[in-house]
Amino acid sequence: MDIRQAIKEKRLYFDGGMGTLLQKSGLKVGELPENLNLTSPEIITDIHLKYLNAGANILTANSFGANSFKFDNLEEIIFAAVNNAKKAIELFEGDKESVYVAFDMGPLGKMLKPLGELDFEDAVKVFSKSAQIAEKSGADLILIETMNDTYETKAAVLGAKESSNLPVFVTNAYDENGRLMTGADPVAVIAMLEGLGVDALGVNCSLGPHKMKDIVKVYSEYASLPIIVNPNAGMPKSVNGETVFDVDAEEFSSVMVEIAKEGGCILGGCCGTTYDYIRKTKEKTENIPYTVPTFKNHTLTSSYTHAVEIGNEPILIGERINPTGKPKFKAALRENNIDYIIAEGVSQEEKGAHVLDVNVGLPEIDETKMMLSAVTELQSVLDLPLQIDTVKAETMEKALRVYNGKPMINSVNAKEESLKTVLPLAKKYGGVLIALTIGEEGIPETAEGRYKLAEKIVNRAKEYGISKKDIVVDPLAMAVSSDDKSAIVTLESIKLIKERLGVKTSLGVSNISFGLPGRDDVNSAFLTMAFTTGLDCAIMNPFSLPMMKSYHTYLSLSGKDKGCLRYIDFASGLTTETVVKSENKKEEKEQKSSLVYSIVKGLKNESFENAKTLLEKEKPLDVINNFIVPALDKVGLAFEKKEMFLPQLLMSAEAAGSAFDAVKSLMKADAPKKDKIVIATVKGDIHDIGKNIVKVLLQNYGYEVIDLGKDVPKEKVLEAVKETGAKMVGLSALMTTTVEAMEETIRLLKKEEPQVVTVVGGAVLTQEYADMIGADKYAKDAMETVRYAESYFAK
Amino acid sequence: MTTSLKLLTASAEEITVNKKEAFRYMGATGKSFPDKMQEAYSLCLEEFYKNVSYKACYRKTEVSFKGDGILDLGFGEFKSLSLQKNLEGCKEAYIFVATCGMQLDRLIIRLSKVTPWRSVVTDAIGSSAIECFCDFLNEILAKDKELKPRFSCGYGDFDIKNQKNILDFLDAYRKVGISLSESYMMTPKKTVTAVVGIKRTV
């Protein structure tokens, strides 16, 4: 029987640990256990056979680390690993029919970008390769296990599913706090894995059975798939020089009984568990009635840390990462200014958004490329789920791939073309779909018409195997200024769609006030009406105070905010903000040359305000030359004299930056031409704090900095120089191992673009080193780089 | 013979971060610092506390000297005159890895995009904190033993490439989530591995 069917009918048992047994049979520390598949196949087969005799149904092949990073003879290793397990089945005298061989796929041992240097797609390729061989070798399923990072887990699942048709089981390793090493809680993991369409999921390693109980509880509450539980035999300890685990087989199996009752479906063990553990677990749990988890109706979107549930109380989706009607945002997209987008994301999070919509579509840019960098950069610094918002299928697919979690997808509509393109993507990658009630004929004028389209989408999604819990219908808010009934129809649609279809709903709220004065007030009143009707998600601007007030008051008035605590918190935040502002203003007035003062003191908001005040009487260029630059110079000098320190230097630079923002908003054609400087941390190096400091300072001295990031190949540096015509390149390296890459980059630049000057810095560099590798300038700190640029470009 | 792996964690409050060292990492040396720096430090320390997760994993091993700077540490041979000198007279040593955790890396990345000055201060706090956590671990190991000063890859002629062997020996990826890049850099960034010679048991 196919294991997919078997797990629906009866309780299956995994085997226990392999490592401990291998060490007992003489595996030396530091040896790769997978090599034993070739050198001592009889030992491996013997272990498998003993597990079968103990009652295991699923043998985990000895292939935990079998990937192309570790083995050149990968095919040979995987075939041997699977064959050793199959051999044991041949020798087994019990029921051979209900025994399966799992190809074991563990983590690669390398961290993915942005925390590490492994590219997501490269990780997918490595897993793909192993999975492909596993299927050829005759394994019955792929077990992805001991995963402690959601991103790598996703890469492994995609790799396994894209290159094989084998069932995919996934178990993750949680720490004592019930989180994966990179931060995810169980609900986030479940949301992502069920979205990706795995066949069974669960937990293994790190914890003993006692500590796993609470995690299994969460799985039973949220997972609709069979739950696998493979704990360690407690914690390792040393007795007379030998490693033993502190939970014995008797105790282990007793806790496994509780776990089975709690919802554990497929049971087994991990580190430290041996034959007895499996035998006793099976004996004690065999007769507990077996039930597969029921369907769980939670609508979940997730980030790399947590899931956001839609349906319990309204959630806010921040709409500001979108160029529509925003000249500054458009300019940022054209200049490839990712930092601007990140700042929009961070500020919306601070204002209370639960999910962020990401739309970077602009006709004149490469939307796919921009979307990929926006998604990867945003998810590296923010822990909110993202809503991928694009009309291009290619952009959508690429973004869904690299997204670390279960995203929201904006959007699908009832037109044939949209259904055909978007639904397969949602099925493959998982996601919560925003479904717009737009048909071939446009937007129906009646609630009934909109309901019909929603129904069509839900039915079509079902054909693709997409549950309606993953569909959030947006019945569209249209300008009430052009149609008196538009608000009423939208609200009626929400009601109808929720009642009859049982799906969640969403609205881009602010469309309602289009064409009217005092839009915020109209929006906020409409928002309250919509919430009262049952709206689940509001796509809106979290910076709109009236709308945020509506949201918080609605929560407390509808009994969703216990003791009105969140409301009180929100409201008191409003008053303190004003108090602080007025105090600062008083202080400001006392300062005569206030802009210089606020920059020197590193006061960001004040610098912006002071610059604005100055601009009322001074020309933009004069504000720069007579105030901002002298202030920065003052700080720079104090830094060089060690009267001020690096953090203060940066505070002032940031303050100057916000003053520049004020100036820039007034400057157009007469903007001074800035010189361009390309900067990068070289290939192999992932430390970029020094480079970032240099960037901030250079920018605030007026340079246009093209920041290529960290771990940058020399070719990319050359390409950037050619593309931008920059005359100066700054390179950073932290370690001796990467200075070589710096030398190669300089060599390439000198050969291809000899007019470019290079300035280098970083922890291990010295003047001597810099001379040796042919750099034009060694800068001991960020300030020296600025001084060098100033003198070089003055020539 | 080698003994089993032991894990150790500490809460943020258990480790007192050495402020002077943190200031030194920010390039601030001297006797007094401006109030602005003190404020910045306190502000960032508070956020650091919420994001640090100290974890360590260690194991005892035998040391044998093969001459010419070649040492057998029970899980492989190492060539380093400096390490040989450091371990002089030791028959055993502890091997450990200690980290401030992944969430701190995230925080520093985030700050570098939003408020760069805070990323610099937080980075410096992390650099100081990991050393303090190593001291904390050292103290525990030194309970009934006299220990040599800890010795890390990259000191003297003890090649940074040995990092791989040490992390494998400690099963560091599975136990505490440490991974190594091709250029031998560890993630999370605030992570230290070391060899600590055992002079004698007291």
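**Entry 1. Strand S15 of chain A**

I looked up Ser411(A) and found this residue in strand S15 (residues 408-413) of chain A. Strands here are DSSP runs of E with at least two residues, helices are runs of H or I with at least four, and both are numbered from the N terminus. I noted that Asn410(A) and Ser411(A) are joined by a cis peptide bond, with omega at about 15°.

The model is a predicted one, in which local features need pLDDT of at least 70 and side-chain atom pairs count only at pLDDT 80 or more, while totals for chains, interfaces and linings use all residues. Residues are numbered from 1 along each chain as its sequence is written, chains are lettered from A and ligands numbered from 1 in the order in which they are written, and side-chain values use heavy atoms, with hydrogens and water left out.

I then examined the pairing of S15(A). Strand S14 (residues 386-389) of chain A pairs with S15(A) in the parallel sense over three bridges; two strands count as paired if DSSP finds at least two bridges between them. Ile388(A) has Ile409(A) as its bridge partner in S15(A).

Which strands close into the barrel of chain A? I traced eight strands in the order S12-S13-S14-S15-S16-S17-S18-S19, with parallel pairing. From one strand to the next the twist averages 30°; axes are lines fitted to C-alpha atoms, for helices over the stretch in contact, and angles run from 0 to 180 degrees between N-to-C directions.

**Entry 2. Other places in chain A**

I recorded a hairpin that joins S10(A) to S11(A) through four residues. Strand S10 (residues 299-302) and strand S11 (residues 307-310) of chain A pair in the antiparallel sense over four bridges. Leu300(A) stands opposite Glu309(A) in S11(A).

I also noted Cys205(A), a residue other than glycine with a positive phi, near 60°. Cys205(A) is placed in the loop between strand S5 (200-204) and helix H9 (209-222) of chain A.

**Entry 3. The sheet of chain B**

In chain B I followed an open sheet of five strands, ordered S1-S2-S6-S10-S7, with antiparallel pairing. Strand S1 (6-10) and strand S7 (145-147) of chain B are at the edges with a single partner strand each, so one side of each has no neighbour in the sheet. The average twist is 30° from one strand to the next.

Strand S2 (residues 54-62) and strand S6 (residues 92-99) of chain B run antiparallel and are joined by eight bridges. Lys60(B) has Tyr94(B) as its bridge partner in S6(B).

I found helix H5 (residues 116-141) of chain B lying across S1, S2, S6, S7 and strand S10 (191-201) of that chain, at about 145° to S6(B). Pro188(B) is in the loop between strand S9 (186-187) and S10 of chain B, and a cis peptide bond joins Thr187(B) to Pro188(B), with omega at about -5°.

**Entry 4. Where the chains meet**

How many residues does each chain give to the contact? I noted 51 residues from chain B and 60 residues from chain A, contact meaning heavy atoms within 4.5 Å. The two chains bury about 4700 Å² between them, 63% of it on carbon and sulfur atoms; buried area is the accessible area (1.4 Å probe) that two parts lose on being put together, summed over both. In chain B, the residues that lose the most area to chain A are Arg106(B), Tyr173(B) and Arg174(B), together 17% of what that side buries.

I searched the whole structure and found 54 salt bridges over all chains, each a side-chain nitrogen of Lys or Arg within 4 Å of a carboxyl oxygen of Asp or Glu. Lys110(A) forms one with Glu182(B), the closest N and O atoms being 3.8 Å apart. Lys110(A) lies in the loop between strand S2 (100-105) and helix H6 (120-137) of chain A, and Glu182(B) in the loop between S8 and S9 of chain B, so this pair joins two chains. Between chain B and chain A I counted four salt bridges. Glu349(A) and Arg110(B) meet through their side chains in a salt bridge of 2.8 Å, N to O.
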